[in-house]
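Here is a friendly walk through one model, from its interfaces to its sheets. Please keep the 3D view open while you read.

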Amino acid sequence: MPIRDTIGQTILELSRQDKRIVVLTADLAGSLRVDSFQKTYPDRFFDAGVAEQNMAGVAAGLALYGKTPFILSFAVFNPGLNLSMIRTIAYSNLNVKIVGGHAGLSNAGDGATHQALEDIAIMRSLPNMTVLSPADDAQARWAIKQAVKINGPVYIRSTRLDTPTLKHAQEFKLGQPEPVDAKSKIQNNKIEVLIFSTGPIINTAIQVAKTLNQQKIATRAINLHTLKPINTDAIKQLITQTQKLVVTIEDHQIAAGLGGLVAEISAEITTSRAPLLRIGVKDSFGQSARSAEKLYEAYGLDQASIVKQILEVYSNASS
Amino acid sequence: MKLMTRPELKKQATKIRQHVWQMIYTAQSGHPAGSLGVTDILTTLYFTPILKYQAKNPQWPERDYFLLSNGHVCPALYATLAEAGFFSKSKLNTLRQLNSPLQGHPHVGSLPGVENTSGPLGQGLSQAVGVALGLKTDKKINHVFVLTSDGEHQEGQTWEAYMFAAKYALNNLTVIIDRNLVQIDGKTEEVMPLERLKLKLASFRWRVLETDGHDFKDLIDKLQKAKASQRPSVIIAHTIPGKGVSFIENDYRWHGKVPHEAEYYEGLEELMGKTQ
Ligand SMILES: Cc1ncc(C[n+]2csc(CCOP(=O)(O)OP(=O)(O)O)c2C)c(N)n1
Ligand SMILES: [Mg+2]
């Protein structure tokens, strides 16, 4: 099930028990899948119209009063357009849950204006903010539950894609890296290539890892469903166990996104460590395409181009 | 330019609507309701002497500026620009295709005739104010027209821009509001009421005019009045979303919906019938 559907459904489910939950959107109830919430709880649903700053401000007030507001819009506008208000929410440590939809290049048709490629960078730089980036429906469900549990601002990155459900070997823990190639038999001390990824593009990362393993390059894929807070010790340990190359794959700018995050942590390692290859959008805007697949290809984010990029650096690192 | 008669303007607008319908169907995404609804406004601007421009010289310093704020209706702008000769009509079917200059929302610099980037609602009026302010500062007489939607009048920035333009008495600026009464989640008056819009605008110290957004005589009259006005002017254009394809008219669900095959041919037939 698409992440956005799960998000809408889970908010609705939790609202049955938790009467504090209220939902606000800015003229995007259908796109963000809270139209069913609107029907079920018309008294707890508020459409702000096309007014994202005010939506966030009203949510701040609702949180001051004691409600648990969810605010939902496209990530380019939420937090893209209402950042100052969200910054105040973070500073005040208010219990507002922010859902940024259609993130990354997933919204191919609408083009650059509607493709959020900087929301992770923005949100992970805010104190008090928790940043979740679910990769499938199971994680989306978990993310919404976590968001309600946490007493403070939470950002949940959502996408338009229909994503397959991953095979999860363990429970999700806030801030904890999740190995997603559980079947792989490589020992930690034999990892040659380590891949970090986040969000639905983890599916590509898993395929890439499979391809590399078939070529006898011991590769491990790690999903970061939480980007803030993050267990830096666990990340450092994974990196120091890696012999040849650390890779990040993200549907976002590599600057200050997942690549930036791993680079920051990696740079703090005092012993010798493998070099880092950051794969993602590189200092350019998105654009329109007739399908998301075409766009991922154009931006070197399809399986084949990623394998190629890794092999190039890998063979240089090996020689 | 030879002056077009009203039947000729009508024919011209229908041609643009045919393009719009085909472009969105070919792209399999886009916004038919708003695009078809603003077509007569764009036709009036580009096919009467109201908007001064040279299609083959889009940067002509003496031109009037047309800025689009509600970027999602760009299929209508693209088709109008192509019909007006800014670029080849053969480009129209590349809408929303990879590497096409016809981006899903307009991008300044990608296509001749596109004066500003839009898509995020509520940002166009401020940009138009900036252009008008620059022109006025340099004592230029070029006029600035900006098309906005009613939905984006829910954004605070729109009103910040109205306030600014009034302060600096930008009489070289005309705002047109596509008052089609719909937005994504439903009717504007149910999602977030804008009324009493006319009074709001007047209290922001703007000259407020109203027009039937599909009546060329009325449109020409009000646009001329606004252009000649000594105060910043706003024209509330009452329009029908989806105008020209009767089964989608006035239905907010067609804001961003693509017709399926049978619907497409039914709509095309209706639009074709109008140019026979
Ligand atoms: C800042 C911003 N918020 C949300 C959107 C998503 N959006 C695109 S069109 C639209 C509807 C706005 O109503 P209107 O412009 O009147 O639409 P129309 O009449 O053309 O259907 C919305 C909310 C956007 N493009 N920009
Ligand atoms: Mg409208």
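## Ground rules

Buried area here is the accessible area, computed with a 1.4 Å probe, that two parts lose on being put together, summed over both. The size of an interface is often given as the accessible area lost when the parts come together.

This is a predicted model, in which local features need pLDDT of at least 70 and side-chain atom pairs count only at pLDDT 80 or more, while totals for chains, interfaces and linings use all residues. Residues are numbered from 1 along each chain as its sequence is written, chains are lettered from A and ligands numbered from 1 in the order in which they are written, and side-chain values use heavy atoms, with hydrogens and water left out.

## Where chain B meets chain A

Between chain B and chain A, about 2,000 Å² is buried, and carbon and sulfur atoms give 48% of that area. Chain B brings 27 residues to the contact and chain A brings 25, where contact means heavy atoms within 4.5 Å.

One salt bridge is found across this interface; the rule asks for a side-chain nitrogen of Lys or Arg within 4 Å of a carboxyl oxygen of Asp or Glu. The partners are R96(B) and D110(A), with 2.8 Å between the closest N and O atoms.

## Two domains in chain A

Chain A is assigned domain 1 (3-157) and domain 2 (178-318), with bounds from an automatic or database domain assignment. Their centres, taken over C-alpha atoms, are 27 Å apart. In this pairing, 31 residues of domain 1 of chain A touch 35 residues of domain 2 of chain A, and the area buried is about 2,300 Å², with 57% from carbon and sulfur atoms. On the domain 1 side, L105(A), L117(A) and R124(A) lose the most area, together 32% of what that side buries.

R124(A) also forms a salt bridge with E264(A), the closest N and O atoms being 2.6 Å apart.

## The seven-stranded sheet

Seven strands of chain A form an open, mixed sheet in the order β2-β1-β3-β4-β6-β5-β10. Helices (H or I, at least four residues) and strands (E, at least two) are DSSP runs numbered from the N terminus, and two strands pair if DSSP finds at least two bridges between them. At the edges, β2 (45-47) and β10 (226-228) of chain A each pair on one side only.

Strands β1 (21-25) and β3 (68-74) of chain A run parallel over five bridges, and V22(A) has P69(A) as its bridge partner in β3(A). Helix α3 (52-65) of chain A packs on the sheet against β1 and β3 of chain A, at about 170° to β3(A). Axes are lines fitted to C-alpha atoms, for helices over the stretch in contact, and angles run from 0 to 180 degrees between N-to-C directions.

## The five-stranded sheet

The order in this open, mixed sheet of chain A is β7-β9-β8-β11-β12. Strands β7 (178-179) and β12 (276-281) of chain A each have a single partner strand, so one side of each is left without a neighbour in the sheet.
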